[in-house]
Amino acid sequence: MRLSRAQLLRLVPGLALAAAAPARAQVTAGTPPGSTANSPNPASSNGDLVYVLNSGEANILVLDGTTREERKRIPVLREVHHLALTPDGNTLMVGDSGANEMLFINPATGELRKREVLSNPYHLGFSPDGRRLVITSLRRDQVDIYGWDGSALTLQKRLSAPDMPSHLAFRPDNAVVYVTLQGNGQLVAISLETLEPLWSMDVGPEPAGVIWHNDRLLIGIMGSDHVAVVDPATQAIERTIAVGRGAHALFPAPKGGPIFVTSRVDSRISLLDPGTLAVTRTLRVPGGPDCISIDPQGRLWVTLRWQGRIAVIDPETGKMEVQRAGRSPHGILYASVAAQRAAATN
């Protein structure tokens, strides 16, 4: 039985304030949350937390970043999918798309600071200058552009964006946001100066993840098996890169490392050379790898959408350890204390 918002708040009074030589990865038997098997002593914890959005279970799992022990589960009303840190690193914003809510969490402690009514927040991201938050609404076919003053959101524009706006990426000069439309196979460019669409183009069936890279847009074509490389200046697909069926999302490693591409149907993660975009390695990851967060050690924390688990992978050795998370885990974030401190001082 799914409880209503009012029932949840009555049952949990503090809810509103709490809370291309392929390599096969080596899989360690599933370790349930709370177990310390193959983990350092809890006393050595560095204070980092990992947030896993269980979209099929209406909660946010919070793990210790060192021991991987469960710290808490933050209950949500319906269905969380994606998240974003505020530019100062002080707040984690999680969209509950099914409940039309945004949750504001202290990433250092897991404290739920507040909840705010927002229309169907699916994917979200801050512009490079930190002045705007863009939210895609997969179910309502809209893109919302909010102003952000460091503490509050102000809706500046709501654009109709049929069909099924999914992921987004920004041009580094803050002038344009690019949104993939899963339903009609298009990419749309939206001006952040006029807040109006600029152009759209066909990129392939069910485009999903998109990133800006070296003056090009890289797009995971989920309805096929490749990444499309788009020149936004000419609005042309320059090339495609085969990575596996269900090509979904792309995650650049810091400091010029590889670009990691998840393929959910073929259950693999492909490593792209950041210069040539050639596939340099393939990690086979059972369970439908979806989203990735990279910790300070360079390990990949990956949600396994079809298995209700997460994997921690060393991309150098291919070693992988798996543990339970919740039904249909989607977004994930390794919240580094050191990174939060650095963001706060910049």
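Which residues is H82 in contact with, leaving aside its neighbours within four places in sequence? I started there, working on a predicted model.

**Entry 1: H82**

I found H82 in strand β6, residues 80-85. I then listed its contacts beyond four places in sequence: L53, M93, V94, G95, Y122, H123, L124, H167, C291 and H330. Is H82 buried or exposed? Its relative accessible area is 5%. The cut-off for buried is under 20%, so H82 counts as buried.

**Entry 2: I135**

Next I looked up I135. This residue is in strand β11, which covers residues 132-137. Its relative accessibility is 2%, so I noted I135 as buried. I set aside the neighbours within four places in sequence and read off the contacts of I135. They are M102, L118, N120, P121, Y122, H123, L124, Q142, V143, D144 and Y146. I also checked one C-alpha separation. P121 is 14 residues from I135 along the chain, and their C-alpha atoms are 5.9 Å apart. Y122, H123 and L124 are on the contact list of I135, and they are on that of H82 as well.

**Entry 3: nonpolar cores**

Which residues touch the most other members of the largest nonpolar core? I got V52, I269 and I313, in a core of 27 residues. Another core lies apart from it, with 17 residues, including L49, L53, V76 and L83. I went back to I269 for its contacts outside four places in sequence. Among them are F260, V261, T262, R281, P289, I292 and L300. I313, named above for the core, is also in contact with I269.

**Entry 4: a four-strand sheet**

I traced an open sheet in the order β14-β15-β16-β17, with antiparallel pairing. Its edge strands are β14 (165-170) and β17 (197-202), and each pairs on one side only. From one strand to the next, the twist averages 20°. I then took one pair by itself. β16, residues 186-191, pairs with β17 over five bridges, in the antiparallel sense. Which residue in β17 does A189 stand opposite? I found W199 there.

**Entry 5: the largest pocket**

Last, I turned to the largest pocket. Its volume is about 1500 Å³. I counted 42 lining residues. Nearest the centre are L83, A84, F251, I292 and L333. Which elements give two or more residues to the lining? I listed β6, β10 (123-126), β14, β18 (207-213), β22 (247-252), β26 (289-294), β30 (329-335) and α2 (337-345). Strand β6 is where I had found H82.

Technical notes: Residues numbered from 1 in each chain as written. Predicted model: local features only at pLDDT ≥ 70, side-chain atom pairs only at ≥ 80, totals over all residues. Heavy atoms only, no water. Buried < 20%, exposed > 50% of the residue type's maximum accessible area, 1.4 Å probe, protein only. Contact = heavy atoms within 4.5 Å. Core = buried A, V, L, I, M, F, W, Y, C linked by side-chain atoms within 4.5 Å. Pairing = 2+ DSSP bridges. Axes fitted to C-alpha atoms, helices over the stretch in contact; angles between N-to-C directions. 1 Å grid on protein atoms, 1.4 Å probe; cavity = no way out; pocket = protein on both sides within 12 Å on 5 of 7 lines; lining within 4 Å. Points joined across faces, edges and corners; volume = space filled by probe spheres on them.
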